[in-house]
Amino acid sequence: EELGEIAKLIEVEEAAQYGNEVNSLGQRIYHIMDHDLVIFFGDFNYRIVEGMSTEEVFAKMMNEEFDFLRENDQLNVEREQGNVFQNFREGFNGKNPPFRPTYKFQPKTSLYERRPDKKFRAPAWCDRILWHAKNFDYIKQLSYDATFELEISDHKPVGGSFEVKCETIIIDQKRNVYSDVIRMLDRWENDSLPKVELGAEGVNFGAVKYMVESKQSVSISNTSQVIAHWRFTPKLEDSALCKPWLRIEPTYGMLIPGEKAEITIFVLINNETAVEINAGRDTLEDIMVLHLENGPDYFINATGEYARSCFGATLEELVCALEPIRNVPFAFSAEGNRSFTTPQNTPSLSVPKELWRLVDAIYQRGLQERNLFLTQGNPLEVERVRESLDTGTEFEPCSVYSLADALWGFLNSLAEPVIPPSNFPTTEIDAQSIQPWSRRFLELLPPVNYNVFVYMISFFRELLLHSEANRLNSTKIAVVCCNCMVKTGSDENDERELQGKHSLQLVINHFLTTAMI
């Protein structure tokens with residue numbers, strides 16, 4: 001084991017010798033021994049020569065025959081034979097090392113290891129300090145000793161102090177060289193870092209309508225000399241790349257130098273967003289963060305103005321709005337929440353004018369249309385109907401199915417449902433309980449909700465008078481009412497949710513088939 005450690009040390013020393021090697025560019029390759037001063041220190045693992053037994057070594061130590069042991073020290077022998085550390089020096093001109101062997105001790109003691117249950121090792125000078133200088137006049141060793149008071153290892157630490165003459169640094173020249181190097185590194189760093197250029201710092205979508213998707217594009221160009229990897233990242237404390245009403249395509253990419261690409265940003269105000277905007281909890285403003293790998297972050301602003309819609313509003317707001325909703329500005333309550341502004345001393349409507357317009361149009365055009373409210377309308381026609389409701393303009397020609405689809409969507413989009421959760425049946429309804437429960441149901445409805453519910457039940461009862469032509473019945477209409485006037489929990493397959501919904505359909509069916517209203 002000891003010979004293997006010595007062989008490794010010899011290899012290190014031989015690899016560190018002077019050399020005149022050059023690389024492929026003709027530049028000299030420098031080695032350890034090319035330095036003005038070289039100090040080797042540490043656990044060299046040299047021992048006493050193998051010809052002496054461990055007992056002999058301990059006997060010599062007991063008699064303090066350290067000179068004899070130094071003459072048989074492996075490192076001293078190897079150096080005298082010229083095998084290792086040629087021209088190196090150790091300690092002073094006298095006998096070296098000038099202290100007792102530093103190995104092997106019982107851990108946490110200053111006693112050499114001689115316990116019978118441990119591996120028997122002869123004391124040795126394993127820990128050494130050797131040094132070499134191109135000019136030995138420039139270095140003087142002041143001390144070379146071991147510290148036997150430290151008891152944390154089976155070795156004792158060895159230390160030495162030196163007085164060394166060093167070259168004087170010319171401060172002005174050093175400062176100039178340093179500045180030159182910094183400028184060179186800055187130039188190299190700037191050339192090696194990716195940089196991109198955005199075609200715009202932000203996008204403005206203008207007036208954004210309910211459920212009408214709009215898009216804007218932003219160009220991104222690689223203006224650097226390296227490949228640019230980019231991706232959108234969430235802002236601090238956010239998990240999403242942007243607000244829910246925004247969508248980015250693509251969200252990441254790679255550009256070679258000089259390449260250009262387009263980033264498309266979409267905006268869509270769905271019902272959840274419309275409710276949040278109407279309540280003052282959100283605005284059409286967001287900042288997207290485009291991160292450049294190994295480069296800076298870029299920020300893209302997205303703004304827009306919500307074109308107000310009756311979809312996603314509350315019944316209380318709509319009955320107070322006498323003008324088209326698009327023309328009614330937002331106001332803020334004392335608590336800072338948004339609200340509708342209405343002229344003072346102006347009575348509110350019994351039901352929203354938008355609801356009346358839809359019901360009246362269907363009443364005039366298509367009570368006899370087959371499967372009305374069960375057949376989907378044309379999406380483009382539904383969009384035009386919604387725009388007419390928001391702006392107060394006349395309905396464009398469209399099918400009655402599109403009007404019915406718009407009516408269903410209007411009721412379903414309300415921020416607060418026509419039938420509040422508190423009115424949702426919590427028990428099973430049977431023939432005996434349905435009459436008193438229905439009466440209680442009406443009593444619990446808020447005034448506006450009561451007006452809308454009665455208005456819609458009256459309309460659907462009129463619709464049922466034409467059941468032979470439109471093929472509708474009270475059960476089908478009860479399902480339609482329940483789907484658009486009630487907001488159930490997130491788990492529609494919950495057994496209690498299904499039971500409550502079934503009970504509510506029975507109540508609505510009761511209103512449709514009796515003269516209770």
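**Helix packing and cysteines in a predicted model**

The crossing of helix 14 and helix 15 is right-handed (the near helix is turned clockwise from the far one by less than a right angle; helices are DSSP runs of H or I, at least four residues, numbered from the N terminus). The structure is a predicted model, in which local features need pLDDT of at least 70 and side-chain atom pairs count only at pLDDT 80 or more, while totals for chains, interfaces and linings use all residues. Residues are numbered from 1 along each chain as its sequence is written, and side-chain values use heavy atoms, with hydrogens and water left out.

From helix 14, residues including Ile477, Val479 and Cys482 take part in the contact, and helix 15 contributes residues including Leu504, Ile508 and Leu512 (contact means heavy atoms within 4.5 Å). By class, this contact of helix 14 with helix 15 has 8 nonpolar, 6 polar and 1 charged residues.

A disulfide is a covalent bond between the sulfur atoms of two cysteines. The structure holds 0 disulfides (pairs of cysteine sulfur atoms within 2.5 Å). For cysteine 310, the closest cysteine sulfur belongs to cysteine 484 and is 14 Å away, too far for a bond. Cysteine 398 is likewise in no disulfide, and its nearest cysteine sulfur, that of cysteine 310, is 14 Å away. Cysteine 310 counts as buried at 0% relative accessibility (buried means under 20% relative accessible area, with a 1.4 Å probe and protein chains only). Cysteine 398 is also buried, with a relative accessible area of 18%.

Notes. Helix = DSSP H or I, 4+ residues; strand = E, 2+ residues; numbered from the N terminus. Nonpolar A, V, L, I, M, F, W, Y, C, P; charged D, E, K, R; others polar. Buried < 20%, exposed > 50% of the residue type's maximum accessible area, 1.4 Å probe, protein only.
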